[in-house]
Each structure stands twice: as structure tokens, then as C-alpha cells.
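Dear colleague,

Please find below the sequence and the structure that I am handing over to you. My account of what was found follows directly after them.

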Amino acid sequence: MLGELGQQMVKLFSGRFNLTNLLPVTLLAALVSLLVAAGAYTDHPTDIVAVVDHLRPVQAGLVVIGIVLAGVLLRPFQVALVQFLEGYWRTRALTMLQEVATEQHRRRRHSAKIVSNVQIPDPEAGDFEAVVMQAQRTWRLRRAAGRASQALQGYPKEGRLMPTQIGNVLRVGEDAAGDRYGLELNAITERLWPSLSPTISGSISRNLEIIDMMCAVCVALTAATAVSLPVLWHPSGWTWVPLFTTLTAAVAYRAALRAATGHARLLAAAVDLHRFDMLTALHLPLPPSIAEEIPFNKALSRFLRETAGTTPLAFPGMVVPYEHPSATASNPDETA
């Protein structure tokens, strides 16, 4: 019985679950436990090597179990912290901070839009020094316009701005994936997902795990920086801890941004390849052209978004005949 229980525990805390669910909060719990055990918050801290040397096997095992248990218990808070990093601030106390952060991104978006549309002057004839100066100025303008255009791509439209950069990047991906066809991704996600191919759905799932993982690591390391700040001014060997956690948190955030950019491309591919499969699963006719597809998709998105108390007849674009597969088409063995 104990052997079977041990096997089940190994399966539970192994592989991807351990990596994505326990590593960030376990890392935070381990660092805090190590700082406390070493007396880093006292006047006489102990060296990290001495702390490890004084640990006996039984004590080390209990410490590991305690750290893992803390990671399990803190897992629900990790989800909330990741959502906070994405910009979903629902508490009343953070309403003003959310408005300020969103306004900052709105101004950055406006500035990037202006710089990206800057006019590059045509080259003019003149002496060699004037031509060189004009070439340098043109190069600087083009580089600034290129950076502004790239930054502008990371922002959604005006009414969809988020208070964090990664939240804006993710929202751009959500909006751009369906807007080209008149679809609202948030309204059709549950209907589109079953129609995705294993390749697309697997890629999206793995990419989402990377985003959640990097966001959780960033939040955990930021918290670790906060709890380790007192040792920054300590005359001991622990001053590297807050510097290391700050640098690693910044790297994790950049990795999350890169993964979020790739997630936008995956969402666009999912809608491009499988939106008709979703319509077939709903027994709705396939649009003959893009001109007829867009208004129908808009009506379908509104209907799926406002399912409570609505009927398809409330949306003129939804008044279409159903297309049910015939019995012979559904059973290919009979036609063979």
C-alpha cells in the first residue's frame, strides 16, 4: 500500500505539473526559508555553506517536504498573482492605480503612433559634410520609426488597453485573431477549441504553460526581491540575493512577453484554419465569400456573447438554414 501511495505521489509531483505549478512558489518558499535559517534578518547572519553543512539528512528531508507543501498551498495565490501581472485588477483599492497605468500605456501608444508616421525627408544634393549629416539624421529617424511601429503592434485598440505590457500583448493577439473575419475570440473560444487539430491545440497549450510559468516565476522572484531587501545593506555575503532575483525576474518577464507574441500567431493560425470546422460543428452553412462571412460572423459572435435570454432570430445575420450532414455522408462504410 505504501509503495502504491509512493508511486502515485511520484506521478503527481513529476513532469510538467511540478514545473509549471510548484516551481515558482516553491522557489519563493525555499529562498525565504533559507534566509530565515541563515539568520539573514539578524545582526549575525550565517554563511549559506554553513547552513547547508549543519543540515542532517532527516532535517533536509523535512525542509524539502515543508517547502513543497508550501508550494502546493500557495498555488491558488499564484494563479491570482499571474492574473494581476496580466493587468486584471478587480479590487476597488487598485482602481486608481489601474487607471494611471492604463493612461500611461495610452500615452505611449499615442507617441508611438506619431513617431511611426514621421516623414522621412528626401536626400538633397550638397557638400559631403551636409550629405553625411542628412544620412545620419535619416537613419536615426528610420530607426525611431521602426521601433515605434514595433511598439505600436503591442497595443490593442483604444477601448481595449490594459494596465500592463504583457496584458496588452495578449489582448492584441486575442483581438487580431478574429477581427479579420468579424469574430470575437472571447465569444467563440469554447466552440472553436474542440475543432482544433491536435497540432494547433497542443502548441497553444504548451505556449500558455510557458506564459503562465514565466509570469509566475517573475511574480515569485519579485516577491523574493521584496523579502530579501533587508539583506542588501547587510555586511555579509547575502547582498547578492536581491540583485540576482531582480535580474532574473526581468529576464522571466521578457521571456513571457516573447511567448505572448508567439501566442498571438498561434491564435491567428487557429482561427484561419479551423473557423469553418466550428461552423460545421454548429451545423451552420459555410459562407461562400469573405464579404458574406464577416457580417455573419459578427452576428454569430454577438449571439454567442449574449446567450442569456437571446435567440438567433434576434440577430438578422443568424437567419440562415441549418446544414445537417446526410446519413450517407456520416457513415462512409455504407457508401463504400
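Leaving out residues up to four places away in sequence, isoleucine 188 touches Leu183, Met278, Ser301 and Leu304, where contact means heavy atoms within 4.5 Å.

Before going further, please note that this is a predicted model, in which local features need pLDDT of at least 70 and side-chain atom pairs count only at pLDDT 80 or more, while totals for chains, interfaces and linings use all residues. Residues are numbered from 1 along each chain as its sequence is written, and side-chain values use heavy atoms, with hydrogens and water left out.

**The nonpolar cores**

Ile188 belongs to the largest nonpolar core, which has 23 residues. A nonpolar core is a set of buried Ala, Val, Leu, Ile, Met, Phe, Trp, Tyr and Cys residues joined through side-chain atoms within 4.5 Å. Buried means under 20% relative accessible area, exposed means over 50%, and partly exposed lies in between (1.4 Å probe, protein chains only). The members that touch the most other members are Leu185, Ile188, Leu192, Val271, Leu300 and Met318. At least two residues of this core come from each of helix H9 (185–192), helix H10 (198–227), helix H11 (240–281) and helix H12 (290–305). Helices (H or I, at least four residues) and strands (E, at least two) are DSSP runs, numbered from the N terminus. There is also a second, separate core of 20 residues, and Val169, Leu170, Ala256 and Ala259 are among them.

**The packing of H9 and H12**

Two packed helices are described by the angle between their axes and the distance between the axes. For H9 and H12, the angle is about 80 degrees and the axes are 8 Å apart. Axes are lines fitted to C-alpha atoms, for helices over the stretch in contact, and angles run from 0 to 180 degrees between N-to-C directions. H9 is therefore roughly perpendicular to H12; angles under 35 degrees count as roughly parallel, over 145 as roughly antiparallel, 65 to 115 as roughly perpendicular and the rest as oblique. H9 contributes Ala187, Ile188 and Arg191 to the contact, and H12 contributes Ser301, Leu304 and Arg305. Three residues of this contact are nonpolar, one is polar and two are charged. Here Ala, Val, Leu, Ile, Met, Phe, Trp, Tyr, Cys and Pro count as nonpolar, Asp, Glu, Lys and Arg as charged, and the others, Gly among them, as polar.

**Salt bridges**

Side chains of opposite charge can pair when their charged atoms come close. How many salt bridges does a search of the whole structure find? The search finds nine, a salt bridge being a side-chain nitrogen of Lys or Arg within 4 Å of a carboxyl oxygen of Asp or Glu.

One of them joins the side chains of arginine 160 and aspartate 175, at 2.9 Å from N to O. Arginine 160 is in the loop between H7 and helix H8 (165–179) and aspartate 175 is in helix H8, so the pair ties together parts that are 15 residues apart in sequence. Arginine 160 counts as partly exposed, at 22% relative accessibility, whereas aspartate 175 counts as buried, at 13%.

Another salt bridge links glutamate 293 to arginine 275, with the closest N and O atoms 2.5 Å apart. Glutamate 293 lies in helix H12 and arginine 275 in helix H11, so this pair ties together parts that are 18 residues apart in sequence. Both residues are buried, and glutamate 293 has a relative accessible area of 3%. Not counting residues up to four places away in sequence, glutamate 293 touches Tyr181, Arg275, Phe276 and Pro287.

Arginine 305, which also takes part in the contact of H9 with H12, forms a salt bridge with glutamate 306, the closest N and O atoms being 3.0 Å apart. Salt bridges that share partners also join Glu103, Arg106, Arg107, Arg109 and Glu158 into one network.

**Two loop residues**

Valine 231 lies in the loop between H10 and H11 and counts as buried, at 0% relative accessibility. Valine 231 and leucine 35 are 196 residues apart in sequence, and their C-alpha atoms are 9.1 Å apart in space. Histidine 283 lies in the loop between H11 and H12. The phi of histidine 283 is near 60 degrees, a positive value in a residue other than glycine.

Yours sincerely
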